[in-house]
Amino acid sequence: MKNRQIILVSSGAIAIGKRLLNIKNVELIEESQALAAVGQLELIKAWKAAFRDHSIDVGQVLLTPKEIQTAKDARNALKTINQLHRFRVLPMLMKTIQQLQMKFSLGITICLLQN
């Protein structure tokens, strides 16, 4: 599998936020977003620690459908991911709450599916 570029897709930020803040039920989108903001930091720390033993650094790429609405936006996102690879950093995308399909103009498709 030489010359493969890997992207880590992760989820669980809301669940971690709920555990950290001892929150049981979530009803509003702003509650989910706030919990994700808290949990995301812990999730990133966990991934960084997991890859540290292999001398691999992890960098988060923030992508939403708005960031890739146009072909130009998609190319810029792909350039960022490729630059992380050139820096020898594993790009990490956080899975969103809703099903999200991001298509890059170069024929790469990343599907993030809701559990």
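Is R88 buried or exposed? R88 is exposed, with a relative accessible area of 71%; exposed means over 50% relative accessible area, buried under 20%, and partly exposed in between, with a 1.4 Å probe and protein chains only. The structure is a predicted model, in which local features need pLDDT of at least 70 and side-chain atom pairs count only at pLDDT 80 or more, while totals for chains, interfaces and linings use all residues. Residues are numbered from 1 along each chain as its sequence is written, and side-chain values use heavy atoms, with hydrogens and water left out.

The chain contains three helices and five strands. Helices (H or I, at least four residues) and strands (E, at least two) are DSSP runs, numbered from the N terminus. Read from that end, the order of elements is β-α-α-β-α-β-β-β. Of the 115 residues in the chain, 30% are buried. The exposed surface comes to about 8,200 Å², with 53% of it supplied by carbon and sulfur atoms; accessible areas come from the Shrake-Rupley method with a 1.4 Å probe, and for residues only the protein chains shown count as cover. Among contacts with a separation of 6 or more, 54% join residues 24 or more positions apart, a contact being heavy atoms within 4.5 Å.

Six of the six residues of β3 are buried, so the strand is largely enclosed by the rest of the structure. In a regular strand the side chains alternate between the two faces of the sheet. In β3, V89, P91 and L93 point one way, and L90, M92 and M94 point the other way.

Two strands pair with β3, where pairing requires that DSSP finds at least two bridges between the strands. β1 pairs with β3 in the parallel sense over three bridges, and within this pairing L8 has M92 as its bridge partner. Strand β2 (residues 57–61) also runs parallel to β3, over five bridges. There, Q60 stands opposite M92.

L90 counts as buried because its relative accessibility is 12%. Not counting residues up to four places away in sequence, L90 touches I6, I7, L8, F51, I56, D57, V58 and G59. The C-alpha atoms of L90 and G59 are 6.1 Å apart, although 31 residues separate them along the chain. I6 lies in the segment before β1 (8–10). Beyond its neighbours within four places in sequence, I6 is in contact with H85, L90 and P91. The C-alpha atom of I6 is 9.2 Å from that of M92, 86 residues away along the chain.

L90 and M92 also belong to the largest nonpolar core, whose 11 residues are L8, A13, I16, A36, L43, I44, F51, V58, L90, M92 and M94. A nonpolar core is a set of buried Ala, Val, Leu, Ile, Met, Phe, Trp, Tyr and Cys residues joined through side-chain atoms within 4.5 Å. At least two residues of this core come from each of α1 (13–21), α2 (29–52) and β3 (89–94). α2 gives the largest share, four residues. Another core, of seven residues, lies apart from it and includes V61, L63, A77 and L93.

The 16 residues of α3 (residues 71–86) should span 22 Å at 1.5 Å a residue, and the end C-alpha atoms are 22 Å apart, which agrees; the expected span is 1.5 Å times one less than the number of residues. The buried residues of α3 are A74, A77, L78, I81, L84 and H85. They cover an arc of only 115° around the axis, which puts them on the same side of α3; the arc is that of the directions from the helix axis to the C-beta atoms. An α-helix has 3.6 residues a turn, so residues three or four places apart point the same way. K72, K79 and R86 are exposed on the other side of α3.

The phi of R88 is near 65°, a positive value in a residue other than glycine. N22, in the loop between α1 and α2, likewise has a positive phi, near 55°. N22 is exposed, with a relative accessible area of 56%.
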